[in-house]
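Thank you all for coming; please bring up the sequence and the structure on your own screens, and I will walk through a few places in turn.

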There are 2 protein chains.
Amino acid sequence: MMLIVGELINASRKTVGEAIKEQRTQTIQDLAQSQCDKGAHFIDVNAGLSIEKEAEYLKWLVKIVQQKVDAPCCIDSPNPSAIETALSIHKGTAMINSITLEKDRFDKMIPLIAGTDLKIVALCIDDQGMPETSDQRFHIAEKLVNALVQKNIPLENIYVDPLVQPVSTNIQYGMACLDAIERIMQSMKGCHTICGLSNISYGLPVRKLLNRTFVSMAITKGLDAVIIDPMDTLMTSTVTAALTLSARDDFCMNYIKAYRAGGLS
Amino acid sequence: MMLIVGELINASRKTVGEAIKEQRTQTIQDLAQSQCDKGAHFIDVNAGLSIEKEAEYLKWLVKIVQQKVDAPCCIDSPNPSAIETALSIHKGTAMINSITLEKDRFDKMIPLIAGTDLKIVALCIDDQGMPETSDQRFHIAEKLVNALVQKNIPLENIYVDPLVQPVSTNIQYGMACLDAIERIMQSMKGCHTICGLSNISYGLPVRKLLNRTFVSMAITKGLDAVIIDPMDTLMTSTVTAALTLSARDDFCMNYIKAYRAGGLS
């Protein structure tokens, strides 16, 4: 099983940012619907336009997305109080994107998530900042997962994001992330890994090529959740193919099903 | 460094089989030239049409390919005497595809390759037949590489092909091959791995999608040589991207160079 989070409703995308500011319900709902039609299990909602209005906007996004589609939201904010506001009207079991090991953020997030069934993206950042190596990623992951489990968050609801950084900045960042995925999946059985992929290609041309190639490499290492554009057929085809090739598709049935639905290219 | 063998001059492809029978020089030479233009380091030549004429056809292929392009050939046959005939007129350092651990084939091939600088594809098959698991592949690889080294074939001239079999037959075959690549690259430092990829997708639709996705997964595991169609831009783009993402491209220079040459999609 590969969990797919549709990434398109993100205020950092120009058309979406404007639609949020102008409260254009239709634009947002169409994006939610088309992502669900293409197989998204969660709809990411990000309203990071301004600190003052983030909570209000995020709540509005959750409301209108859930008016339109049955899928739960992935509530995407570094701000615990905006997440709390958005959660207050969310129906079903949301995903929270994200908690980190930064003490202040961690302490404020825990009361919202402890004892719930929420799915939690655990991003490998601590108060020392961004990890560089695979080792650093893995050690933050271990500490963060242990801390969450101690707060009664079930391991199977935790999605570790090893932190994807651009290979244009440091050519080692791709392998550092891939190795971390492998170590996390091997040593913390039951928990999940997830990647917001697009950072990998920051600063380089033909970004979609790098993003989808990186997905197949990450699936080789055990990745079982992705934040992607479900409308990008080459991307979703790559995910489907990589799952088949990594033996996560009995008798190639999902691959053949996707083919029959016209979804492979 | 990724060594690229262009696979198109293969008698099992209908147009090529016919061109060989009819001795159409131009058709073959055009295929050689276009593959070199797209970055092939070796031109595979396969004349497996009939046992009687294979040696003669293979020799003809080597001759006309080398009349046209500077690249050496990858002489592709299970038949040692056909290889010997083709080698007799080959200029430069050829690649031989392939030797196996089958006693008869091994014993007949060794006199042709011992003490030479030829590059040797060592295919993981022994007298027990095709391997099923990663373990079986690895153990054949170990025996075969040791046997070749004992015959004075330098480790750095050996390209182990772990044997790609269709996931449509057994969903585990993809991972078995990938794991074998990783183990070979980690435990026999200096030798290489190579895959003839297209078997992976046998029996399934949209085969090019599976082939190129499998390449990126194999590169994640350390694969450093491929037998591909260099005219398939999505395939070559995937190879370029996977090398960058696996830190085999200092400062992303090859990726950017390929982009500037219009070669990425």
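Let me begin with a question: where in chain A is the place of Ser98(A)? This is a predicted model, and in it Ser98(A) sits in strand β4 of chain A, the strand that covers residues 95-99.

The phi of Ala247(B) is near 65°, which is a positive value in a residue that is not glycine. Phe251(B) is found in that loop between α9 and α10 too, and the phi of Phe251(B), near 55°, is likewise positive in a residue other than glycine. Is Ala247(B) buried or exposed? Its relative accessible area is 17%, so Ala247(B) counts as buried, whereas Phe251(B), with a relative accessible area of 72%, is exposed.

Now to the interface, which I will describe mostly from the side of chain A. In this model, 37 residues of chain A are in contact with 37 residues of chain B, and the two chains bury about 3200 Å² between them, with 76% of that on carbon and sulfur atoms. In chain A, the residues that lose the most area to chain B are Ile171(A), Thr220(A) and Leu245(A), which together account for 22% of what that side buries.

Which helices of chain A each supply at least two residues of the side that touches chain B? They are α7 (173-187), α8 (207-220), α9 (233-245) and α10 (253-260), and α8(A) gives the most, with 8 residues. Sorted by class, the side of chain A that touches chain B has 22 nonpolar, 11 polar and 4 charged residues. As for specific pairings across the interface of chain A and chain B, there are 0 salt bridges, while 7 residue pairs are in polar contact, both partners being at pLDDT 80 or more.

From there, let us look at one position in helix α8 of chain B, residues 207-220, namely Val215(B). Val215(B) counts as buried, at 0% relative accessibility. Apart from its neighbours within four places in sequence, Val215(B) is in contact with Leu197(B), Val226(B), Met235(B) and Val239(B). By contrast, the C-alpha atom of Ala71(B), 144 residues away along the chain, is separated from that of Val215(B) by 23 Å.

Finally, the cysteines. How many disulfides are there over all chains? The count comes to 0, and two cases in chain A show why, given that a pair of cysteine sulfur atoms has to be within 2.5 Å. For Cys36(A), the closest cysteine sulfur is that of Cys73(A), at 9.1 Å, which is too far for a bond. For Cys195(A), the closest cysteine sulfur is in Cys177(A), at 4.2 Å, and that is again too far for a bond; Cys195(A) is also buried, at 0% relative accessibility.

Note on methods
Residues are numbered from 1 along each chain as its sequence is written. Chains are lettered from A and ligands numbered from 1 in the order in which they are written. This is a predicted model: local features need pLDDT of at least 70, side-chain atom pairs count only at pLDDT 80 or more; totals for chains, interfaces and linings use all residues. Side-chain values use heavy atoms; hydrogens and water are left out. Buried means under 20% relative accessible area, exposed over 50%, partly exposed in between (1.4 Å probe, protein chains only). Contact means heavy atoms within 4.5 Å. Buried area is the accessible area (1.4 Å probe) that two parts lose on being put together, summed over both. A salt bridge is a side-chain nitrogen of Lys or Arg within 4 Å of a carboxyl oxygen of Asp or Glu. A polar contact is a pair of N or O atoms within 3.5 Å; within protein, one must be able to donate a hydrogen and the other to accept it, and residues adjacent in sequence count only if both atoms are side-chain atoms. Helices (H or I, at least four residues) and strands (E, at least two) are DSSP runs, numbered from the N terminus. Ala, Val, Leu, Ile, Met, Phe, Trp, Tyr, Cys and Pro count as nonpolar, Asp, Glu, Lys and Arg as charged, and the others, Gly among them, as polar.
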